[in-house]
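This briefing goes through one protein model by topic. Please have the sequence and coordinates open alongside the text.

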Amino acid sequence: MKSFNICLLLLFISSSSLFAQEIDTVPINTKGLEIKLKRSPLPARTGALVFKPVQIAPVVVSEKVNYWKTSTSIGIDVNQGAFSNNWKGGGVNSMAVGGLVNYKAAYSKDSYSYTTELRMEYGKIKNKDQLQKKTKDRIFWDNKANLQLSKSWFFFGSVTFETQFDNGFAYYRDKDNNEQKQLISKFFSPGYITESIGFEYKPVSYFSTRLGTGTAKQTFISSMDDLIDAELARNPTSKKADYYGVPSTKKFRNELAFQVTSTFGEKQIFTNVFLYARYNMFIPYDRKLEHIDHRLDVTLKSRINKFMNVTINGVGLFDKDSDKEVQASQNLSLGFGFTFPR
């Protein structure tokens, strides 16, 4: 009985398979199912396409390449304080005004470049019952020509001029405790002209270091007689032999030296905060190492809006021809600044 059931099962499977094959192979009549495309009513072009050349007149552009880039910055700052006569906190009425003009032009073509930068600063402060005093006074003009030797190295030649606008005074009290002033400097007294040739390393656009292997600096005292008379008026027994390194019998002195000048900026280091720094080291060939001159200028500027900014300037100077100690100055101002072009 069991064997009979197995045979019936196999017979059922075989018949099912045969039935499935018959269904898969049923023919389908496709007559009348063809897709017929209608003929386009538009006439069709059967001839060859002929292309004719058309003459187009060349367009001549009269624009010229400008290899110059210029910028001008103007800053004005004002500081004022006033107190009533019965102000118990103490204080003195004061007014301070300062200005800055910075002009820079750069020319670059192929491997040659030229840069000129002019910085002019002047400021004064007047406190009640005191003499007027300068807060800043400088004329600085730097000219430099470069010839590119490699990606970061250049051969350069530069000429730098530096002096001040106004008379400079030293202030002191006389025996009656009255404030007095003594003339110590004037326009072009001193004045410095420095010529230098050497090599410049400039790995990025905002930083460079000059190595002036051949440098000459001339120190001028155009008003030597005025300075000597001013000193003798205060101290008739004065035996000062030179002024800013220039002997009292002359008005000019020349020095040969090795010079290092590093410049950073003006670059944005934080949001709306810009840094400018310049360091100069002057090493005379004919003097002891103790007569190496150093000068560091640092300017930190923060923009409040499009026209207003806060600026802090600092200067450190060591020059034994001027003074045996390090000289320093600092100025903080809130003012208006304009840059062209923006």
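How many bridges join S4 to strand S5 (residues 153-163), and do they run parallel or antiparallel? S4 and S5 are joined by 10 bridges and run antiparallel. The model is a predicted one. Its secondary structure comes to 2 helices and 16 strands, and buried residues account for 29% of the 342 residues. Of the contacts between residues at least 6 apart in sequence, 53% join residues at least 24 apart.

- Strand S3 (residues 112-127) pairs with strand S4 (residues 133-148) in the antiparallel sense, over 14 bridges.
- Within this pairing, Met-120 has Ile-139 in S4 as its bridge partner.
- The hairpin of S3 and S4 has 5 residues between the strands, and Asp-129 in this hairpin takes a positive phi near 65°.
- S4 continues to S5 through a hairpin of 4 residues.
- On the S5 side, Glu-162 is the bridge partner of Phe-140.
- In a regular strand, side chains alternate between the two faces of the sheet.

**Gln-218**

- Gln-218 is placed in strand S9 (residues 207-220).
- Its relative accessibility is 10%, so Gln-218 counts as buried.
- The side chain of Gln-218 makes a polar contact of 3.1 Å with the side chain of Glu-195, and another of 2.7 Å with the side chain of Asn-254.
- Apart from neighbours within four places in sequence, the residues in contact with Gln-218 include Gly-191, Tyr-192, Ile-193, Phe-252 and Arg-253.
- Gly-191 is 27 residues away from Gln-218 along the chain, with 8.1 Å between the C-alpha atoms.

- Lys-301 belongs to strand S14 (residues 293-303).
- Lys-301 counts as buried because its relative accessibility is 17%, under the 20% cut-off.
- A polar contact of 3.4 Å links the side chain of Lys-301 to that of Glu-266.
- Beyond neighbours within four places in sequence, Lys-301 is in contact with residues including Asn-272, Val-273, Phe-274, Asn-309, Val-310 and Thr-311.
- Asn-272, one of these contacts, sits in the loop between strand S12 (252-270) and strand S13 (273-284).
- Asn-272 has a relative accessibility of 36% and therefore counts as partly exposed.

**Backbone geometry**

- Most residues other than glycine have a negative phi, and most peptide bonds are trans.
- Asn-272 has a positive phi, near 65°.
- Phe-188 also has a positive phi, near 60°, and is placed in the loop between S7 and S8.
- The peptide bond from Ser-189 to Pro-190 is cis, with omega near 10°.
- Pro-190 lies in the loop between strand S7 (179-185) and strand S8 (191-204).
- A cis peptide bond is also found from Phe-340 to Pro-341, with omega near -10°.
- Pro-341 is in the segment after strand S16 (327-340).

**Cavity**

- The structure has 1 cavity of 30 Å³ or more, and the largest cavity holds about 40 Å³ of space.
- What is the make-up of the lining of the largest cavity in nonpolar, polar and charged residues? The lining divides into 2 nonpolar, 2 polar and 5 charged residues.
- Residues lining the largest cavity include Tyr-192, Lys-217, Thr-219, Tyr-244 and Glu-255.
- Asp-293, Asp-319, Asp-321 and Ser-322 are also among the lining residues.
- Tyr-192 lines the largest cavity and is in contact with Gln-218.

Definitions and conventions. Residues numbered from 1 in each chain as written. Predicted model: local features only at pLDDT ≥ 70, side-chain atom pairs only at ≥ 80, totals over all residues. Heavy atoms only, no water. 1 Å grid on protein atoms, 1.4 Å probe; cavity = no way out; pocket = protein on both sides within 12 Å on 5 of 7 lines; lining within 4 Å. Points joined across faces, edges and corners; volume = space filled by probe spheres on them. Nonpolar A, V, L, I, M, F, W, Y, C, P; charged D, E, K, R; others polar. Buried < 20%, exposed > 50% of the residue type's maximum accessible area, 1.4 Å probe, protein only. Polar contact = N/O pair within 3.5 Å; in protein donor to acceptor, adjacent residues only side chain to side chain. Contact = heavy atoms within 4.5 Å. Pairing = 2+ DSSP bridges.
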